[in-house]
Amino acid sequence: MAYLQIDHVDKTFRRGAVETSVLKDITLIIEKGEYVSIIGHSGCGKSTLLNIVAGLTPATVGGVILQNREVNSPGPDRAVVFQNHSLLPWLTVYDNVRIGVDKVFGRTKTRTERNAWTMHNLELVQMTHARDKRPGEISGGMKQRVGIARALAMEPKVLLLDEPFGALDALTRAHLQDSVMALHQKLNNTVMMITHDVDEAVLLSDRIVMMTNGPSAQIGEILDVTLPRPRKRLEVATSPAYLKARQRVLEFLYERHAYIESAA
Amino acid sequence: MTMTVLKTEPASVLPPAAAAKVLPLPKPERAFFKTSVLPKLKGFATSVVPPAVVICLLLAVWEILCRKAGATLPPPSRVNADTRELIFDPFFDRGGLDKGLFWHLSASLQRVALGYAIAAVCGVALGTLVGQSMWAMRGLDPIFQVLRTVPPLAWLPLALAAFRQGHPSAIFVIFITSIWPIIINTAVGIRNIPQDYRNVSAVLRLNPIEFFYKIMVPSAAPYIFTGLRIGIGLSWLAIVAAEMLIGGVGIGFFIWDAWNSSHISEIILALIYVGIIGFLLDRIVATLANIVTRGTAYN
Ligand SMILES: Nc1ncnc2c1ncn2[C@@H]1O[C@H](COP(=O)(O)OP(=O)(O)O)[C@@H](O)[C@H]1O
Ligand SMILES: [Mg+2]
């Protein structure tokens with residue numbers, strides 16, 4: 001039985017009389033504990049797809065089914081880590097995580113337990129040292145860590161990541177990728193991650209969903225990444241399976257569905 | 001002043017550093033003096049000396065111009081001599097309207113406080129409505145845009161007709177003067193809440209009340225305080241004018257009364273007080289804004 005199912009989803013944006021079809025007939029099944037990446041050229045509709053799963057954007061046709069129930073409004077069971085962190089700047093790091101904990105576990109956990117759970121999640125992303133800082137006082141990578149802690153603390157059924165490392169420099173990005181990999185290993189969450197970075201997709205994912213260019217983007221191809229876990233960045237980088245997967249994705253993106261500026 | 005401070009201090013600070021081995025205690029004191037007291041003194045000097053110099057110059061010019069025979073306004077020395085009693089005894093109360101300046105100012109401030117407080121509450125509420133709802137904006141915004149251009153005093157006859165008393169009418173004028181910038185700025189602040197914050201609150205499933213005080217108010221706070229600051233300034237502008245027409249106790253009436261009895265010096269003194277209090281009111285709201293919006297700065 002499928003855990004998360006995106007079922008024949010179409011999305012059309014309407015602005016006045018002008019209609020643009022962004023997504024066309026997207027069907028995707030994600031199993032529990034799976035790490036799935038969505039890759040595609042900029043503007044093809046990746047964020048739109050993630051927002052539909054999150055419930056932030058309604059699908060025009062079709063729907064999303066999570067554990068046999070249709071989901072069409074946002075909720076903490078599908079926590080999102082946004083590209084630009086979206087921390088509330090007037091709250092401290094601790095309070096940014098705590099606000100979610102209070103909302104989700106307000107009825108089921110005591111105050112002490114919620115405090116402990118907040119601290120536990122900050123610990124998972126190694127951010128306890130900055131618990132009393134405000135988002136304006138920490139670096140971009142740290143903000144993204146707190147965003148991840150906030151999402152994890154809601155104990156989501158599916159973790160949705162929208163280019164979570166897109167705005168970071170290469171070193172911070174690699175560091176954070178390793179952290180996310182370790183967390184996935186430890187917690188075994190179901191993850192749907194959007195990216196436009198081929199290496200990131202291959203390194204982190206169990207499956208890579210490649211999207212064709214818009215308008216009316218579709219799923220072009222799905223690639224299983226069979227590399228054993230835990231994966232070590234340096235060891236994996238030279239393994240034939242890694243290079244082959246990488247090659248497949250590159251071919252898809254740059255030969256068969258090359259990004260044409262005028263068509264976008 | 002500044003020159004001597006700058007020149008002598010480094011010389012007197014150097015020797016104790018060498019003597020520190022023998023006498024460890026004075027060192028931190030010196031360091032404290034150098035890092036904490038000295039910059040403060042310098043800051044004080046740079047912020048106080050220039051205005052003091054300018055004020056002295058202006059007073060001198062004023063004195064020279066108004067000393068001459070036939071001058072219509074009193075020179076500062078006369079103002080000082082005439083208003084000595086008012087300055088040094090602001091608390092006297094000889095019954096009726098013959099009271100010290102303190103009583104007049106406090107009556108005006110009470111009116112402003114009441115009218116402004118009502119305006120702040122209603123303004124933020126209406127601004128939230130207009131900023132949040134497309135239909136409320138379409139319906140109310142044109143009306144607000146027209147009403148806000150009506151000069152404060154033009155409301156006074158209408159208020160007198162409605163309330164039949166001076167006191168509530170003055171409060172109404174304060175209210176109606178200060179509410180527009182509060183409404184408009186709050187609405188802009190609400191409309192400018194980043195979509196990200198709305199998404200976060202949607203994922204957290206915040207209910208409307210939680211959304212209001214956990215997301216909306218903090219996010220719009222800088223805008224709301226801009227409105228509140230403009231509002232307090234306008235209130236103080238309006239109260240003096242309104243009180244001139246209404247009479248009774250109040251700084252506006254005090255000025256009008258002084259004019260009727262040709263006490264020009266008293267008018268000048270009152271104007272100085274009005275200016276200083278207006279400045280203080282503005283600083284109070286600005287300080288409050290700084291405290292409340294400390295963490296709100298966008299990053
Ligand atoms: N709210 C919207 N209204 C109209 N068009 C939109 C809206 N959101 C996204 N689009 C369009 O949908 C397409 C896909 O956008 P998006 O999902 O953000 O792409 P990606 O995340 O893959 O870069 C773009 O062409 C964009 O202009
Ligand atoms: Mg995107």
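**Ground rules.** I worked on a predicted model, where local features need pLDDT of at least 70 and side-chain atom pairs count only at pLDDT 80 or more, while totals for chains, interfaces and linings use all residues. Residues are numbered from 1 along each chain as its sequence is written, chains are lettered from A in the order in which they are written, and side-chain values use heavy atoms, with hydrogens and water left out.

**Domains.** I looked up the domain assignment of chain B and found domain 1 (29-72) and domain 2 (82-293); the bounds come from an automatic or database assignment. I noted 31 Å between the C-alpha centres of these two domains of chain B.

**Interface extent.** I found 20 residues of chain B in contact with 25 residues of chain A (heavy atoms within 4.5 Å). The area buried between the two chains is about 1900 Å², with 65% of it from carbon and sulfur atoms; this is accessible area (1.4 Å probe) lost on putting the two parts together, summed over both.

**Salt bridge.** I found one salt bridge across the interface of chain B and chain A (a side-chain nitrogen of Lys or Arg within 4 Å of a carboxyl oxygen of Asp or Glu). B:E210 pairs with A:K103, and their closest N and O atoms are 2.7 Å apart.

**Helices.** Helix 8 (195-204) and helix 9 (208-246) of chain B each supply at least two residues of the side that touches chain A; I took helices as DSSP runs (H or I, at least four residues), numbered from the N terminus. Helix 8 of chain B gives the most to that side, with seven residues.
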